[in-house]
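Let me put the structure up on the screen, and then I'll walk you through a few parts of it.

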Amino acid sequence: MTAPHSKPTFHQSQLEQGGAVLAPMAGFSDAPFRLLCREYGAAWAVTEMVSSMGVVMNGKKSFEIGEPYSGEPNLVIQLFGSDPQIMAEAGAKLYEEFKPVALDINMGCPVPKIVKNGGGACLLQTPDLAHDLIQALDKAVPVPVSAKIRLGWDKYNAIEVAKALESGGAASVALHGRTRAQAYTGQADWDKIEEVSSQLSIPLIGSGDVISKAMFDERKHKAKGIMIGRGAIGRPWIFQEVLGGQSLEIPEIVRLAYRHSLLNVEWYGEHTGMRQMRGVLPHYFKGFAGANRVRQQITQVSSLDDVRRLLNEIFPDVNLEDVTMGAAFEGHHAASLDGHAARNN
Ligand SMILES: Cc1cc2nc3c(=O)[nH]c(=O)nc-3n(C[C@H](O)[C@H](O)[C@H](O)COP(=O)(O)O)c2cc1C
C-alpha cells in the first residue's frame with residue numbers, strides 16, 4: 001500500500017545517532033529487558049521472534065511476545081514464517097494492534113523447529129522466497145521492514161540474499177556473521193559483514209560477538225550499525241558504555257538485577273517471572289566479590305522475597321528498599337498479567 005520510498009526512514013535516522021541495537025533473542029529480549037536496554041541507550045530493541053502463523057490464527061502467545069510495554073518507543077517486532085501471504089496478514093495485524101515503528105523477518109534462526117517449516121535460516125537457501133516474503137510484508141504495513149540473516153546456510157551467499165531483500169523493499173538488513181552450519185561456534189566474520197555492507201545501498205547492521213566498547217569501536221566502521229545480543233544479557237548498561245558512558249558500580253549492578261526481577265514479576269506474574277529470572281540473574285553476577293555465591297544460590301529462588309533475602313545477605317550494604325520498576329510498568333500490567341503468566345506454563 002505505501003510505496004517503500006515514502007515510508008519513514010526509521011533505521012537510517014536512528015543509526016545516525018550512534019549507539020548499538022539490542023539483537024532479537026528468544027527467551028531474553030522480552031519487554032522487561034527491552035525497557036532496561038532502551039533506558040541505557042539502545043538505539044532500538046527487537047522483540048523475540050513471533051510466529052506469523054500464530055498471529056494469523058490469533059494465538060494468544062504470539063500477541064504476548066510482540067506486545068510492547070506501556071509507551072515503548074522504537075518497538076521493532078520480529079516475525080518468522082515462510083508464506084508471503086501469511087507474513088503479510090500477520091504484519092498487518094501486529095501493526096494494527098501494537099503500532100511498531102518497523103517489522104523484521106527472521107531469516108537466521110537455526111533451530112530445527114523453525115527451519116523444518118521453511119522459516120528462519122532455511123530462507124537463506126531460497127533468496128527468491130526471501131525477496132517475496134519481505135515484499136509481501138512491506139506492501140502490507142505502512143512502516144519500514146527489514147530482515148535478519150546469517151552469512152549463508154552452509155556456504156557464504158549473504159550478498160545474494162541481502163540484495164534480494166533490498167530489491168524486495170527492505171529498509172535495512174541485519175547480518176549475523178556466521179553460517180547456519182556454524183550455529184554459534186567460531187568467531188563471527190566481520191570482514192564478510194563489511195563486504196556485504198559495501199554491496200548494499202540500504203544500511204546493514206552487523207551482529208556477532210560484540211561484548212565491549214572496545215569491540216564495538218573496532219567493528220563499527222565495518223557496517224552501518226551494530227547489534228549486541230549476548231553481550232547485553234545481565235549487562236544492559238553496555239549500550240551506555242558504547243555511547244561513551246560509564247560502566248556500573250557493584251551496588252548499582254545489584255540494584256539493577258533486583259529491578260529486572262521486579263519488572264519480570266510484574267510482566268509475567270511471580271511464578272513464571274521468577275522461573276525465567278533464574279536464567280537471567282546469574283549473568284548480572286560475574287567477576288566481583290559475592291558474585292559466585294549469588295550464582296550458586298540463584299537457582300533456588302522462587303519468589304521476589306527469595307531474591308531480596310539472598311541479595312541482602314550477600315550484599316548487606318546495598319539498599320534494595322527504594323528500587324522501583326519505573327513508570328512504564330507500574331500498575332500498567334495488572335490487566336493482562338494472567339496472560340503473561342500463562343505464557344510459559
Ligand atoms: C538465546 C538466543 C536467542 C536468539 N534468538 C534470536 C531470534 O529470535 N531472532 C534472531 O534473529 N536472532 C536470534 N538470536 C541471534 C542473535 O540475535 C545474534 O545475532 C547472535 O546471538 C550473535 O550476536 P551476539 O554475539 O551479540 O549474541 C538469538 C541468539 C541467542 C543467543
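This is a predicted model: local features need pLDDT of at least 70, side-chain atom pairs count only at pLDDT 80 or more; totals for chains, interfaces and linings use all residues.

**A helix pair, some strands and a ligand shell**

Let's start with two helices: the axes of α12, residues 250–268, and α15, residues 304–314, come within 10 Å and cross at roughly 175°.

Sorted by type, the contact residues of α12 and α15 come out as seven nonpolar, one polar and one charged.

Now, over to the strands. Please find β3, residues 75–80. How many of its six residues are buried? Six of the six, and β3 is mostly covered. If you look along the strand, Leu75, Ile77 and Leu79 point one way, while Val76, Gln78 and Phe80 point the other way, and all are buried. For those of you who enjoy a general rule, side chains in a regular strand alternate between the two faces of the sheet.

What does β3 pair with? On one hand there is β2, residues 45–51, which runs parallel to β3 and is joined to it by five bridges. In that pairing, Ser51 has Phe80 of β3 as its bridge partner. Then there is β4, again parallel, with four bridges joining it to β3. Here, Val76 is partnered with Ala102 in β4.

Asn106 stands opposite Lys148 in β5. Next along is β6, residues 172–176, which runs parallel to β5 and is joined to it by five bridges. Lys148 turns up again here, standing opposite Ala174 in β6.

Let's stay with β5, residues 145–150, for a moment. Six of its six residues are buried, so the strand is largely enclosed by the rest of the structure. Val145, Ala147 and Ile149 point one way, and Ser146, Lys148 and Arg150 the other.

Last stop, the ligand. Which residues are closest to it? They are Ala23, Met25, His176, Gly229 and Arg230, out of 22 residues that surround the ligand. The shell divides into nine nonpolar, nine polar and four charged residues.

That's my tour, and I'm happy to take questions.

Technical notes
Residues are numbered from 1 along each chain as its sequence is written. Axes are lines fitted to C-alpha atoms, for helices over the stretch in contact, and angles run from 0 to 180 degrees between N-to-C directions. Ala, Val, Leu, Ile, Met, Phe, Trp, Tyr, Cys and Pro count as nonpolar, Asp, Glu, Lys and Arg as charged, and the others, Gly among them, as polar. A residue is near a molecule or strand if its C-beta atom, placed from the backbone, lies within 6 Å of it. A residue is buried if 20 or more other C-beta atoms lie within 10 Å of its own, exposed if 12 or fewer, and partly exposed in between; C-beta atoms are placed from the backbone. Two strands pair if DSSP finds at least two bridges between them.
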